[in-house]
Amino acid sequence: MKKVDFDNEFKNPGSEYRSIPFWAWNDELDTDEIRRQIREMKSCGIGGFFIHSRDGLETEYLSDKWFECVSAAVDEAKKNGMFSWLYDEDRWPSGTCGGSITATDKNSCKGLTLEVYFSVPEKIEGNVLALYKTKVYEMEIYSLERIRYAEGLILSDEEALLIARLEVSGKSEWFNNSAPPDNLSFDTVSDFINNTHKKYKKAVGSEFGVTIPGIFTDEPSLADRHASFNPNRSWIPWTEEFEKYFFEKRGYDVLDMIPYFYFNGEKSEKIRHDYWRTVSERFKEAYSVQIGDWCRENNLLFTGHFLQEDKLGLSCRVNGSVMPHYAAEDIQAIDMLTERAEEYITVKQCSSVSNQLGHGIVLSEMYGCTGWDFSFEGQKWVGDWQYALGVNQRCQHLALYSLRGCRKRDYPPSINCNTSWWKEYKTVEDYFARLSYMLRCGEPIRTVLVVHPMTTVWSRLGCSPYGNPKRNQERDIPKLNELGDTFNSLVKNLCNKHYDCDLGDEVIISEYGSCSDDKFVIGKCEYNTVIMPFCENLLSETYTKVMEFMENGGTVLGLAPFPRLIEGEVSEKLSLLINHHNFVKLFSENELINYLDKNVKREVSIIYENDKEEENILYQLRYDGNGYILFLSNNDRESAHEVNIKLDVLENLEQNNLYVYSLNLLTGTLTSCDFKYAKGRVCFDEYMQGCQSSMFYITNKYVECGSRDVQIWNAEDNRIKTEEIPVEYIAYEADTKNILALDMCRYCMDEKWSENIDVWKAQKEIRENLEMRQIYHNGLEQRYRWVNTRHKNDGKDVWLEFEFKSLTGVDDAELVIERLECFKIELDGKIIDNNSVGCFLDKSFKCIQLPKITEGVHKLRLQCNYTNDMELECCYILGDFGVCANREIIKKPESISLGDITGQGYFHYCGGIAYKFKCCLPELPNKEIYLISKDFDGVSSSAVINGREIKIPWKEAGDCGCRKVFT
């Protein structure tokens with residue numbers, strides 16, 4: 001059990017606690033640029049990176065040049081005390097080696113298809129596995145007879161012929177014109193390891209377990225959205241040996257009953273349960289166990305996340321079950337896209353397995369799709385929420401190697417040195433490094449277990465026999481996703497009411513579960529209370545262990561509907577379970593919460609008026625052998641909450657010698673807190689601003705530090721307002737040149753000029769005319785496969801013309817352009833020297849000097865001999881000027897007001913603004929002076945007072961981090 005070290009590790013956490021972003025290698029790679037970006041990451045407190053092949057890559061994946069770049073990255077990471085993690089695929093999902101191992105049918109995704117005929121076809125084609133004569137009506141099946149031949153078969157008006165075939169998925173551009181992988185095949189996954197993992201071992205294996213801690217697998221699945229089969233035939237995951245494997249596991253021939261999987265009938269629940277259980281087992285053994293075993297044999301940690309973790313129906317469709325896969329990993333991982341905090345089960349599924357198996361690290365791939373305006377506060381809000389639920393390692397999505405061309409549109413933001421706020425980022429990294437450190441010390445305290453209803457999903461999930469529509473719209477999936485939403489709502493309610501819980505997967509319970517007196521045990525965790533929600537089906541092992549738990553005096557809270565099936569079949573012995581005197585029948589979430597309030601002790605209460613639990617504040621409680629770590633997160637971004645915190649779990653401490661310390665995660669400092677001790681509880685107050693987090697340590701150990709007052713910042717406090725800073729006509733300074741974006745143009749081919757259109761549309765039309773593949777969006781065949789191949793229409797003379805208006809003269813303006821070397825440039829008919837004078841934000845954004853811009857309308861023309869590898873993008877004019885809302889250059893404003901800058905001459909500006917104030921304060925002997933910053937809408941801010949800079953990365957830090965500016 002790791003114990004807290006305040007003097008060293010908390011103040012200055014090492015690289016192992018710092019973020020490891022997906023570093024998107026998405027262009028022609030250069031070893032010098034790779035090393036430079038690593039040093040940039042180090043300067044901002046980042047601990048390492050995942051080498052992640054991404055859209056736009058022009059260096060061939062897994063080529064000699066690729067491994068030369070990997071070796072350079074590992075070497076530079078080692079020099080800088082960082083970690084270079086591997087990623088196992090070209091883009092995602094994992095399993096194809098960039099399509100190279102799925103180019104033939106052997107390793108390609110396979111499906112069992114079912115086709116319904118109401119008359120016998122003249123010829124039956126394909127790899128037929130089984131034939132059936134049946135009576136069906138729409139989705140119902142009334143009789144089933146498996147037959148050997150269809151020749152001579154006569155069907156009555158009520159009968160149909162069913163044909164089950166083994167088929168191979170079609171190919172997809174996304175997999176570089178290969179098929180998705182057959183992840184149920186041991187041989188396919190072995191080929192994947194041989195062609196990926198072993199190649200990395202050959203190139204950089206000496207650093208496995210040293211500079212290279214492990215490898216990430218990303219969204220492997222059994223039903224990729226790019227898989228394609230006959231649209232008139234429904235398909236489910238299959239592999240060559242599945243029939244034999246199923247018989248070994250379940251004891252009967254799966255093909256005898258498979259039509260009941262598609263249609264609804266008396267045996268449907270049984271075959272659906274058994275099919276998905278077997279698929280889940282096979283996928284785990286063939287993929288996760290095989291890769292995990294190889295990694296551990298070769299000193300690598302195995303990590304990664306699985307597809308559709310948040311949707312029970314869709315998760316079953318593509319994985320069978322997610323949680324059993326986590327048991328095969330060394331570091332459990334999830335992804336969490338967009339700026340939201342709703343997927344409680346996604347986090348809890350993962351953190352529960354990590355807790356139960358004692359693995360200690362829970363990684364989250366976060367921030368994808370949040371957009372270019374994503375703020376530091378957004379990072380904190382999303383991160384704090386996940387950390388309260390059990391995450392303790394950030395993996396940012398993405399750090400883009402290059403912003404050239406379509407790469408800048410690859411699920412932004414880019415969390416790398418090609419952003420305007422990069423120099424401020426270390427504050428965020430230090431905050432989360434300290435938080436990660438604290439939440440890896442000790443072990444979490446959770447005494448409530450919620451049984452996961454995935455086996456119930458197994459028994460319900462079939463698919464239409466008349467063809468599969470889009471994956472998430474298949475017949476049974478929407479309703480089962482609704483069950484997932486209900487389950488997520490329950491877990492959210494428990495967490496918000498401060499009954500922190502783990503989830504119990506029945507497969508994991510069958511392997512790691514037991515009873516110890518009146519405790520329900522999974523691996524290293526003991527639970528006092530078991531909640532069984534919506535579990536209509538149970539595995540036999542779950543039934544046996546739950547019955548033993550209740551016989552030993554444990555309480556099970558059943559939330560209707562109650563169990564009626566054991567492994568897909570109706571079982572009378574379940575009446576013994578639901579009628580047991582320790583089985584409590586409940587029929588709503590409110591009933592469940594009311595029962596818990598009356599009968600189950602909370603480890604932590606966070607209460608406001610009238611002793612109500614403050615639902616906006618989440619917590620995580622841990623014990624490290626010396627004391628209790630308590631992390632609080634206010635999930636309300638806008639409102640403050642004044643609360644009283646009560647801790648009930650202190651049996652490991654001497655009650656007469658207690659200390660409570662507040663830990664400042666921004667500064668790495670401690671202060672002592674006032675508290676009360678009564679009736680076995682430690683109680684203290686906290687005032688939490690919107691989006692604020694707080695960290696406390698309760699111990700018997702004395703730590704030398706200052707004292708802390710709980711400041712309540714509101715309009716009625718008794719502080720003296722000495723100076724109110726004006727909000728209008730403020731002197732300011734921009735930290736970079738202003739920008740005019742040129743995103744509309746005309747183009748000319750064969751002396752014919754187009755209308756004025758968006759640049760991306762111009763490129764689309766140019767490539768259509770030249771019969772070149774489209775490249776204005778991502779998601780197509782990787783560029784390294786075709787970009788260096790000459791096209792028959794390469795060299796076509798193409799002109800672009802941009803028009804802009806200036807209402808003032810501008811000296812020293814610059815033009816920013818991508819692929820500068822490809823263009824001849826004219827301004828108002830005069831050729832401009834295209835020698836680069838530097839870069840703007842990204843190395844691919846080259847700058848050239850423009851002649852003086854005079855008042856009036858100007859025409860900028862770019863001429864190139866267009867080639868297949870080119871990407872036409874917007875241009876930008878940089879300079880010391882203003883830009884009005886009409887997108888015209890104006891004189892630079894002498895002063896601006898606090899608030900939106902886009903209407904004050906900075907319409908396209910993406911840099912920082914420094915507002916400058918002078919304040920005259922009265923003499924206040926022995927009084928503290930405070931700076932209270934108001935709301936701001938930007939990525940980050942800071943205050944510089946008499947030369948001393950104070951970082952304000954998020955709004956609440958303006959009140960909580962800027963106290964005691966000077967005395």
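The backbone nitrogen of E654 lies 2.8 Å from a polar atom of the side chain of N700. The model is predicted: local features need pLDDT of at least 70 and side-chain atom pairs pLDDT 80 or more, while totals for chains, interfaces and linings use all residues. Residues are numbered from 1 along each chain as its sequence is written, and side-chain values use heavy atoms, without hydrogens and water.

The side chain of N700 also has a polar atom 2.7 Å from the backbone oxygen of N657. A polar contact here is a pair of N or O atoms within 3.5 Å; within protein, one must be able to donate a hydrogen and the other to accept it, and residues adjacent in sequence count only if both atoms are side-chain atoms. N700 sits in the loop between strand 36 (693-699) and strand 37 (706-707). Helices (H or I, at least four residues) and strands (E, at least two) are DSSP runs, numbered from the N terminus. Because its relative accessibility is 18%, N700 counts as buried (under 20% relative accessible area; exposed is over 50% and partly exposed in between, with a 1.4 Å probe and protein chains only). Apart from neighbours within four places in sequence, N700 contacts N626, L653, E654, N657, L658 and Y659, where contact means heavy atoms within 4.5 Å.

The protein as a whole has 22 helices and 55 strands. Of its 967 residues, 60% are buried. Among contacts with a separation of 6 or more, 78% are between residues 24 or more positions apart. The C-alpha atoms fill a box of roughly 90 × 85 × 55 Å along the principal axes.

Two helix pairs can be followed next. The axes of helix 13 (residues 376-389) and helix 14 (residues 426-438) are 11 Å apart, at an angle of about 5 degrees; axes are lines fitted to C-alpha atoms, for helices over the stretch in contact, and angles run from 0 to 180 degrees between N-to-C directions. Helix 13 is therefore roughly parallel to helix 14 (angles under 35 degrees; over 145 is roughly antiparallel, 65 to 115 roughly perpendicular and the rest oblique). Helix 13 contributes F376, Q379, K380, G383, D384 and Y387 to the contact, and helix 14 contributes V428, Y431, F432, L435 and S436.

Helix 4 (residues 186-195) and helix 5 (residues 197-204) have axes that come within 3 Å and cross at roughly 20 degrees. These helices, too, are therefore roughly parallel to each other. F192, I193, N194 and N195 in helix 4 meet H197, K198 and K199 in helix 5.
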